[in-house]
Amino acid sequence: MVNLANLLTLLRIILIPTFATLFLYGRHFEAFVAFAVAALTDWLDGWVARGPGQRTELGAFLDPLADKALLLTSFALLASTRVVPLWALVLVFTREVVIVGGWIVGHLITRNRRVEPSGLGKATTAMQLAAVTAILFNHHTVLPHDLALRALDAAMALTAISGLDYLYRGLRDLQPRRPG
């Protein structure tokens with residue numbers, strides 16, 4: 001079912017190649033605007049989806065996929081142009097592999113298709129979006145460079161912690177249950 005929340009997620013997906021193209025052609029302010037709008041749709045679709053009748057299986061699948069695609073694309077572009085260090089891209093990518101790989105393994109073993117992001121995972125996504133927004137914004141303003149770097153540092157710390165948390169939770173959930 002397509003509803004407003006799902007349309008916002010689809011808009012975010014459409015904005016990913018738009019953002020990437022603008023960034024690659026050196027239109028950094030326009031890329032910043034496209035990214036900021038995409039980041040805003042993440043918040044908006046979550047807000048709308050909490051309304052009555054707005055949660056759908058399509059949205060539960062597409063929303064995290066859109067987040068992953070947006071963030072991996074942005075970190076890949078920023079790392080390829082040396083705006084952020086390569087290790088930041090590796091960390092973001094590794095966390096996503098842990099999450100998706102863990103879901104696949106868990107699904108194969110338990111047949112559970114349900115995807116439940118943790119609060120820490122949601123905070124990490126929000127901080128990564130904020131860090132990329134600050135870094136892109138920093139190219140065009142007098143925003144102190146330290147602020148963008150601190151946002152990146154906070155995002156990377158949360159990325160590492162939440163990646164380890166997802167790994168721990170996944171391994172714990174795969175342990176056989178002890179009676180009693």
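How many helices and how many strands make up the secondary structure of the protein? In this predicted model, for which local features need a pLDDT of at least 70 and side-chain atom pairs count only at pLDDT 80 or more, totals for chains, interfaces and linings use all residues. Residues are numbered from 1 along each chain as its sequence is written, and side-chain values use heavy atoms, with hydrogens and water left out.

The secondary structure comes to 6 helices and 0 strands, where helices (H or I, at least four residues) and strands (E, at least two) are DSSP runs numbered from the N terminus. Along the sequence, the pattern reads α-α-α-α-α-α. With a radius of gyration of 17 Å, close to the 16 Å that the globule rule gives for 180 residues, the protein is as compact as a globular protein of that length; the radius is taken over C-alpha atoms, and the rule is 2.2 Å times the number of residues to the power 0.38. Taken along the principal axes, the box filled by the C-alpha atoms is roughly 60 × 35 × 25 Å.

Of the 180 residues in the protein, 38% are buried, a term that denotes under 20% relative accessible area, whereas exposed denotes over 50% and partly exposed the range in between (1.4 Å probe, protein chains only). Among the contacts (heavy atoms within 4.5 Å) with a separation of 6 or more, 76% are accounted for by residues 24 or more positions apart. The protein exposes about 10,600 Å², and carbon and sulfur atoms supply 69% of that area, as given by the Shrake-Rupley method with a 1.4 Å probe, only the protein chains shown counting as cover for residues. There are 16 positive and 12 negative side chains, and the centres of the two sets lie 6 Å apart; Lys and Arg count as positive and Asp and Glu as negative, while His and the chain ends are not counted, and the place of each charge is taken as NZ of Lys, CZ of Arg, CG of Asp or CD of Glu.

Several residues within the helices were examined individually. A34, in helix α2 (residues 28–49), is buried, with a relative accessible area of 7%. Leaving aside neighbours within four places in sequence, A34 is in contact with L15, T18, F19 and L22, whereas L167, 133 residues apart from A34 in sequence, is 32 Å apart from A34 in space, C-alpha to C-alpha. F75 lies in helix α3 and is buried, its relative accessible area being 0%. Not counting residues up to four places away in sequence, F75 touches V84, A88, L89, V92, Q128, V132, L152 and M156; F75 and E116, by comparison, are 41 residues apart in sequence and 24 Å apart in space, C-alpha to C-alpha.

In helix α6 (residues 145–174), S162 counts as buried at 0% relative accessibility. The side chain of S162 makes a polar contact with the side chain of T124, at 3.1 Å, a polar contact being a pair of N or O atoms within 3.5 Å, of which, within protein, one must be able to donate a hydrogen and the other to accept it, residues adjacent in sequence counting only if both atoms are side-chain atoms. T124 is also one of the residues in contact with S162 when neighbours within four places in sequence are left aside, the others being R95, L120 and G121.

The loops were considered next. In the loop between α2 and α3 (57–80), T56 counts as buried at 15% relative accessibility, and a polar atom of the side chain of T56 lies 2.9 Å from the backbone nitrogen of G59. G53, which is also placed in the loop between α2 and α3, counts as exposed at 59% relative accessibility. G53 and L72 are 19 residues apart in sequence and 30 Å apart in space, C-alpha to C-alpha.

The loop between α3 and α4 (86–110) holds R82, which counts as exposed at 76% relative accessibility. Phi of R82 is near 60 degrees, a positive value in a residue other than glycine. Most residues other than glycine have a negative phi.
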